[in-house]
Amino acid sequence: MLLVELRIHGRGGQGSVAMAEMIAGAAFAEGKFAQAFPYLGGGGERRGAPVQAYARISDSPIKLREKIEEPDLVIVQDPTIMEMVDVLSGLKKDGVILFNSESTIELSREDVRAFFVPASRIAIETIGRPIMNTALIGALARITGLVSVDAVAEAIREKFPGEIAEKNVLAVRKAYEQVGGVE
Amino acid sequence: MKGKTAILEGSRAVAEAVRACRPDVISVYPITPQTHILEDLARFVSSGKLKSQFVRADSEFSAASIVYGASAAGARAYTASASQGLLLMNEVIYAMASTRLPVVLTAVNRAISAPITIQPDHQDTMSLRDTGALQIHVESMQEAYDAHVQSFRIAEDPDVQLPLMVCMDGWVISHSYEPVTVFPDEAVAEFAGSFTPVQKLDPSNPLTYGAYADQDVLMEYRYAMMIAQEKAKDKIRSVTKEYREVFGNFDGDLLDTHCTEEAEVVLVAMGSMVSTIRAAVDELRSEGRKVGLIKVRTFRPFPRDEIIAACGKAPVVAVLDKSLSVNSGGILATEVKSAFYGGSSQPVIVPFIAGLGGKEVNRRVIKEIVDIASRAAEKQGAQETVWMGLDRSFFS
């Protein structure tokens, strides 16, 4: 049975929950079962505060509604968050961690696979604003093959209207091509 | 009937159902984590997708009072709230129930202050337990949708005429996304029908609402609600059955069971943790452990006989409570124990407090509960309440 669990780190306002929703939407578009949910602690949805969002993807209906403590995948929208949040917490051995970053970042663990994509720059080039969540999904699609670019595009078009959707789809495609470290 | 299945937020699923049921009047005051429902409904009204009169209120007390008035005037009325907001509505909901006004209310479960938190537990809706309102607890986004489609008909039935609260855990249901099947608005509207009040406020036929009463009829009003809640059981059964026939798969009426056959430990719970318990039970069953689950769907009316029947010959029943009556214990556990009192079968009933303030209830915690309950079976008689994950160092 396929069950992939992922965790997204970001700051309030960066679209971490929307990202989890779009990943779930893309998986669903490909005939998989999916679930996305936020964790808002310490007072909730303040802009700039560290937030986490989660998703599960499976080939069978998902009953679990517990928190994800040992994700297979971690996505970090904003690496400056690492000053206060342990983004590696619980990440499984050989798990994947994807950073929005121009350059590589030294990690305290060697048993995980790290990838880096300049998602903010791609977002500014394509969308005109540093909303990097869709670019990161593009990189995720390339690294894991968990969802296809076409399915991601479908999920984005479901969520956003016309031109905004197309700009985000372009961000997905660019990040898919530009993500570093993929063999 | 074929619906459209898409990844939807739980709040959106509720708003889709409420829209299709076409309430005449909506009044909601924002509060986390209920606000997304309010925002979705406001968008439907402003875009013309929903023709309801949307009345903005300055508090939950006002919102509840507005739908009280609307319902008394014969309108199909809807409101929603959470946590402190539900407490502020408390006084009006008592009046609503006793005046027999069938308002539908979405209660997005969130713990009560202090300390202030936005995490889910059931203390808020439990504090409305004795109002006379019906309470249906759902475990998934799909069930949140289904229950709302069913809700107006149950509440508005002439034999029932009581407010109905659909209770769903904050965040875990309200702010989470999963595939939800939504049926065409016209089909849902036809299923939901329209509200035909037995009587209503009408200038051409004046009636007194909120009249004074002493020992002459107040007790009779209370007793009338007892009768109405019992009658609601049949109505809930028939509406859920018809829903299954019209729209396809739907599980459960007053309660739902999972793997209770020949179970040696039966877990009883409500709300979103039921889904995780299903997964834990499946894992335990695959290891050969005889564990089952009863999901209490309708906390009011409380399915006493159905719970006893579903427990069967299980020697141990573990009840998981996400609320507390201070100096008494878990409220659901108290109700389950009361149901068994005086009956021919008397399982060992072990009460657990789990998940207060959003404390995690995952498969590990659930399996621990099963182990503790199994061991408890060796000790007959009254069982002490077990507090899962309680940090004892807090008191040292």
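Student: How much area do domain 1 of chain B and domain 2 of chain B bury between them, and what share of it is on carbon and sulfur atoms?

Tutor: About 2300 Å², with 49% of it on carbon and sulfur atoms. That counts as buried because it is accessible area (1.4 Å probe) lost when two parts are put together, summed over both. This is a predicted model, where local features need pLDDT of at least 70 and side-chain atom pairs count only at pLDDT 80 or more, while totals for chains, interfaces and linings use all residues. Residues are numbered from 1 along each chain as its sequence is written, chains are lettered from A and ligands numbered from 1 in the order written, and side-chain values use heavy atoms, leaving out hydrogens and water.

Student: Which residues of domain 1 of chain B lose the most area to domain 2 of chain B?

Tutor: Met126(B), Arg129(B) and Glu139(B), together 28% of what that side buries. The bounds, 4-247 for domain 1 and 255-395 for domain 2, come from an automatic or database domain assignment. Their C-alpha centres lie 28 Å apart, yet 29 residues of domain 1 of chain B are in contact (heavy atoms within 4.5 Å) with 28 of domain 2 of chain B.

Student: Why is Arg237(B) with Glu306(B) called a salt bridge?

Tutor: The term needs a side-chain nitrogen of Lys or Arg within 4 Å of a carboxyl oxygen of Asp or Glu. Here the closest N and O atoms are 2.4 Å apart, so the pair qualifies. The two domains of chain B have 8 salt bridges between them.

Student: What makes Arg364(B) and Glu69(A) a salt bridge as well?

Tutor: Same test: the N to O distance is 3.3 Å, therefore within the limit. The count between chain B and chain A is 6. Those chains bury about 2100 Å², 52% of it from carbon and sulfur atoms. On the chain B side, Ile7(B), Tyr177(B) and Glu360(B) supply 27%, more than any other three residues.

Student: How do you know that the lining of the second largest pocket draws on both domains of chain B?

Tutor: At least three of its residues come from each of domain 1 and domain 2 of chain B. Chain A joins in too, since strand E2 (33-39) of chain A is among the elements that each supply at least two lining residues, strands being DSSP runs of E, at least two residues long, numbered from the N terminus.

Technical notes: Helices (H or I, at least four residues) and strands (E, at least two) are DSSP runs, numbered from the N terminus.
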